[in-house]
Amino acid sequence: GLGDVYKRQEEYMVIGKRKLGENKWQILRSDYKGNCKDAHDIISIGVDGDGYLHVSFDQHAQELKYCVSVAPGSLQLSELKVMTDSLENSVTYPEFHRLKNGDMLFVYRDGGSGNGNMVINYYNLSTKKWNMVQSNLIDGEGDRNAYWQMCVDNNDVIHVSWTWRESSNVETNHDVCYAKSYDYGKTWYNSKGEQYSIPINLSNVEIICEVPQKSELINQTCMTVDSTGGIYIATYWREQNSDIPQYRLIWNNGSGWNNTQVGNRTHAFTLSGGGTKKIPISRPKIAVENNDGKTKIYYICRDEEYQNKVLLYLNEDFNNNFSSWGRNII
């Protein structure tokens, strides 16, 4: 593994690649370091239609750190670059998303916890330049910020869902909201097809699942869209009549928004305050496939109840029995 080659305490960013179907990895230690003690300071990567690797890293309300590979398929990275040279002084949660034509999207939070906005940049493959599509898609209005997850479906429709946080304290997270765009992020709609006025804020947003504050609702998690257009959001929160946060799935397969519990946890915990938390369960991941008229859902997480091992909750035929989940410990 990469940890066998490079010591973690050195905090250098390491890039690796392999061909699908092969086990051999090529790895290269970059010249860049990151803060391994802060879980916010993730590494985000994307590959454009020409095969160039785009990398953003070590971002927690800091100046943008962005570079590209020196050649298609190369692990060697360039010097740090600017993107649009606008709103790049306080960047957190960078994400790259590739479009069918090989162009790219880059999204991030501009600002801080409890007071930040969502920025979207667009990379044109032919000009090799970034342009800002939205400087403030989801507006915290100086009083809150959105923690979002985003995905792009097979038709290049952009889907975004998010929770609001009213301050830097995690216990002020509340509600789950939704928006989509058909034109690479310029125009946005709710799930009913009604166009949003931009920026989207607390007063005009579509709330797809009401969750009050102090419900242990976690920040951004994961979402996906299946081949039929069904939307699925993985997250967790605590019902008001219980002390135990449970994994949840929010979905809309054309008949409105629904949510269901995934698994049955038995250990209670609470979230409060700011900063990085050591939480006994992980933020879940989700994958969906449609075969022979059936929708199969893979819900992946980690839980102290199961010795912190990876858990796979599997529903083989979700549309016909949304509450039937098998559990596998990996």
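Reply: Let's start with a word we'll need: a residue is called buried when its relative accessible area is under 20%, exposed when that area is over 50%, and partly exposed in between. Keep in mind that this is a predicted model.

You'll find one helix and 22 strands in the protein. Its radius of gyration is 20 Å, which agrees with the value near 20 Å that a compact globule of 330 residues would have. Along the principal axes, the C-alpha trace spans about 55 × 50 × 45 Å. Take the contacts between residues at least 6 apart in sequence: 44% of them join residues at least 24 apart. As for the surface, the protein exposes about 16,000 Å², and carbon and sulfur atoms supply 44% of that.

Now for the charges. There are 34 positive and 40 negative side chains, and the centres of the two sets lie 6 Å apart. To count as a salt bridge, a side-chain nitrogen of Lys or Arg has to sit within 4 Å of a carboxyl oxygen of Asp or Glu. The count by that rule is eleven salt bridges.

Let's go through a few of them. One joins the side chains of Asp58 and Lys65, at 2.5 Å from N to O. Asp58 has a relative accessibility of 8%, so this residue counts as buried.

Another pairs Glu305 with Arg265, at 3.6 Å from N to O. Glu305 lies in the loop between β20 (294-303) and β21 (309-315), while Arg265 lies in the loop between β18 (258-262) and β19 (285-291), so the pair ties together parts that are 40 residues apart in sequence. Here both Glu305 and Arg265 are buried.

Then there's the bridge between the side chains of Glu289 and Lys296, at 3.9 Å from N to O. Glu289 is partly exposed, with a relative accessible area of 28%. Lys296 comes in at 23% relative accessibility, so this residue counts as partly exposed too.

Salt bridges can also share partners: that is how Glu141, Arg144 and Glu166 are joined into one network.

Conventions:
Residues are numbered from 1 along each chain as its sequence is written. This is a predicted model: local features need pLDDT of at least 70, side-chain atom pairs count only at pLDDT 80 or more; totals for chains, interfaces and linings use all residues. Side-chain values use heavy atoms; hydrogens and water are left out. Helices (H or I, at least four residues) and strands (E, at least two) are DSSP runs, numbered from the N terminus. The radius of gyration is taken over C-alpha atoms; the globule rule is 2.2 Å times the number of residues to the power 0.38. Contact means heavy atoms within 4.5 Å. Accessible areas come from the Shrake-Rupley method with a 1.4 Å probe; for residues, only the protein chains shown count as cover. Lys and Arg count as positive and Asp and Glu as negative; His and the chain ends are not counted. The place of a charge is taken as NZ of Lys, CZ of Arg, CG of Asp or CD of Glu. Buried means under 20% relative accessible area, exposed over 50%, partly exposed in between (1.4 Å probe, protein chains only).
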